[in-house]
Structure formats: C-alpha cells, structure tokens
Amino acid sequence: MKIGLVSAILENLSFQEVIDYIADEGLDCVEVACWPKGEADRRYAGVCHIDVDTLTKSEVEKMVQYCNAKKVSISALAYYSNPLDPDESKSIDSIKHLYRVIDAAKLLGVDLVTTFIGRNPCRSEEESFKDVERIWPAIIQYAAKCQIKIGIENCPMLFTDDEWPGGKNIMTTPKNWRRVFEILDSPFIGLNYDPSHFIWQQMDYINPIYEFKDKIFHVHFKDIKLFKEKMSNVGIMATPLQYMMPKIPGLGDVDWGRFASALTDIGFEGNACIEIEDKAFEESEQSIKKAIALSHKYLGNYIA
C-alpha cells in the first residue's frame, strides 16, 4: 500500500512544489487536484495543480520526468464536482471538465480519476438513479475507451443548507453502491473509500470493505470526531457540521487499526491518500504541513 496526500490542502503551492513537499515528507504518491482554474464554490475545491484545459504534451513530459526524479507517483487526478447538478449549465460544465480530466489522466499515464457521481439534492433516491442512468453511461464508456478508471468518493456532500435535504452525491451507502454498480456495470467504475463519512452517518465502515473489495480503487485517510452532546441538541437531521468535525487521522473516531487490518485482509495494495480538512491546523502553511506530518507518522503505526 502506498501512502500519499490529497493535494487540495496545498492550494498555494505549484505542481512542482507539491511534488517536492511529497518527496521531502517521505510520502509515496499524490492525488492531484484538477479543478477549472479560478473555480471555487466551497472550501477545499477550486484547487488547480494541473490545468487540464491548457495541458500540453511538453508539459506532460516535464511533469512525468519530475515525478520520476522525485520518486513520487500520481495516484489519481481529482475533480469532485456534481455532474447531476439541477442547474443544467453547471451540469454540462462539470461533465465537460470531467472529460478533460480523463484526457489528462491518459496523457500523464495515470489510470484513475476521482470524483463524485453527483445528485440533485431535491430529488428522491429513485429519481437520482434515473439521473445516473441518463448521464453516466456515456462518461464510463469514454473512460473505458481511454482505459481510465473512475473512483467515486462516498462523501454525501450534505454539509450546508444549499445541499439539503439529499446532498450532492448519491454514492454514499452500500445500498446505493450496489444500485449504481448495477446501472453502470463496468470494471472502470469503483470507489474512493473514505471511512470518515460512515462515522457521522453512524454506519459500519469495516464490513463493506470485504463486500466491495474488487471495487476499492483508492482510499482516503481522513477522520471525523462526533460530538454526541451536540447531536442530542440538534438531532441527526441537522446539517452535520453542527454535530461533527473533520479531524486528522488519530484525532477522531475512526479505528485505524481495524481499518488498516481490513485493507490488508483483502490484499489492498493500491494508493491511500491523507486528506486534510481539520480546521484546527489551518492557521498557516506551517500548521497544514504539521497536520500532514502528524498524520503520516500516526498512520505509520499501521501501514509500512
């Protein structure tokens, strides 16, 4: 298993600076943020370490050579958007950019793009599955043609009032995974597995690893701390940030020993990237780098 970093937290660094930092920290890989330049509608989005809109073959050659020289691999190109956005223009823009990210992955020799399936938050689950059936087959067919896998993160994207009540990603539970994998019956679609999202949904994050072992393309190392006294005050129907908080691995409620053990049980030898969204470590670039170093050191107890 290779340990890396989701690059979005290093938004002020260039691509080469990110690779330098990954190498200096002793990490193996990086999931590279590839949003359209200048686009940011939420925290941790809008980061562009590779501009896929202007990427040239000569730039690709330089990037590949630089990564090889630093012994850092790119685990995936990341663009977490909402292809099922109820605003048709936003949906179209999201899908167009996703195609560009797939093209960029092929040019770079990266075999994975990480993203969300998406959802109209005001549609029922059944209506959302119909949206998946309408929009996603063409995307998966194109990805398969390019020999690029699509890894869907299981984040509900249900944190703010504008994402209520259904959230902006339908791929949030094993039940929904099964349904989507039936609709999109392809070896080129799978999961970017993040245990933290199961915590605040009060779900088992260990057993699904065994059922979906062949669909786990990538892993996120992020933690969540649940405040039960706050939940008792606002209830589970409140926006989740009222009763939980993203934390670095080891400072939340994920049992990382059990999680790592399950991954070794299934023989997972892919890429697993630390995702930093802990606001306790966002005062400065130095604080962010401290969070990364602490996370790396902690996870080293379980993953060599």
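In this predicted model, the side chains of Asp53 and Arg100 form a salt bridge, with 3.4 Å from N to O. Asp53 sits in the loop between β2 (29-33) and α2, and Arg100 sits in helix α3 (residues 88-108), so the bridge ties together parts that are 47 residues apart in sequence. Asp53 is partly exposed at 41% relative accessible area, and Arg100 is partly exposed at 37%.

**Salt bridges**

- The count of salt bridges in the structure comes to 13.
- Lys70 and Asp20 make one of these bridges through their side chains, at 3.4 Å from N to O. The bridge links distant parts of the chain, with Lys70 in helix α2 (residues 57-70) and Asp20 in helix α1 (residues 15-25), 50 residues apart.
- Lys70 is partly exposed, its relative accessible area being 33%. Asp20 is also in the partly exposed class, at 21% relative accessibility; the buried class requires a value under 20%.
- Asp131 and Arg123 form a salt bridge in which the closest N and O atoms are 3.2 Å apart.
- A network of salt bridges links four residues: Asp194, Lys222, Glu275 and Glu277.

**Aromatic pairs**

- The structure contains 15 aromatic pairs.
- One of them joins Phe221 and Trp256 edge-to-face, with 5.5 Å centre to centre and 80° between the planes. Phe221 belongs to strand β7 (residues 216-221) and Trp256 to helix α9 (residues 256-265), so this pair ties together parts that are 35 residues apart in sequence.
- Phe221 and Trp256 are both buried.
- Tyr298 and Tyr302 also pair edge-to-face, with centres 5.6 Å apart and planes at 70°. Tyr298 is partly exposed, with 24% relative accessible area, and Tyr302 is partly exposed at 36%.
- Phe221 and Trp256 belong to a cluster linked by ring pairs.

**Charges over rings**

- Lys215 places its charged end over the ring of Phe181, 4.6 Å from the ring centre.

**Backbone geometry**

- Most residues other than glycine have a negative phi, and most peptide bonds are trans.
- The peptide bond from Trp164 to Pro165 is cis, with omega near 5°. Pro165 is placed in the loop between β5 (149-153) and α5 (174-183).
- Met157 is found in the loop between β5 and α5. Its phi is near 50°, a positive value in a residue other than glycine. Met157 is buried, with a relative accessible area of 7%.
- Lys71 also has a positive phi, near 60°. Lys71 lies in the loop between α2 and β3 (73-78).
- Lys71 is exposed at 73% relative accessibility, while Met157 is buried.

**Ser287 in helix α10**

- Ser287 is part of helix α10, which covers residues 285-299.
- At 17% relative accessibility, Ser287 counts as buried, the cut-off for that class being under 20%.
- Leaving aside residues up to four places away in sequence, Ser287 touches Phe281 and Glu282.

Methods:
Residues numbered from 1 in each chain as written. Heavy atoms only, no water. Phe/Tyr/Trp six-rings, centres within 6.5 Å; stacked < 30°, edge-to-face > 60°. Helix = DSSP H or I, 4+ residues; strand = E, 2+ residues; numbered from the N terminus. Buried < 20%, exposed > 50% of the residue type's maximum accessible area, 1.4 Å probe, protein only. Lys NZ or Arg CZ within 6 Å of the ring centre and 35° of its normal. Contact = heavy atoms within 4.5 Å.
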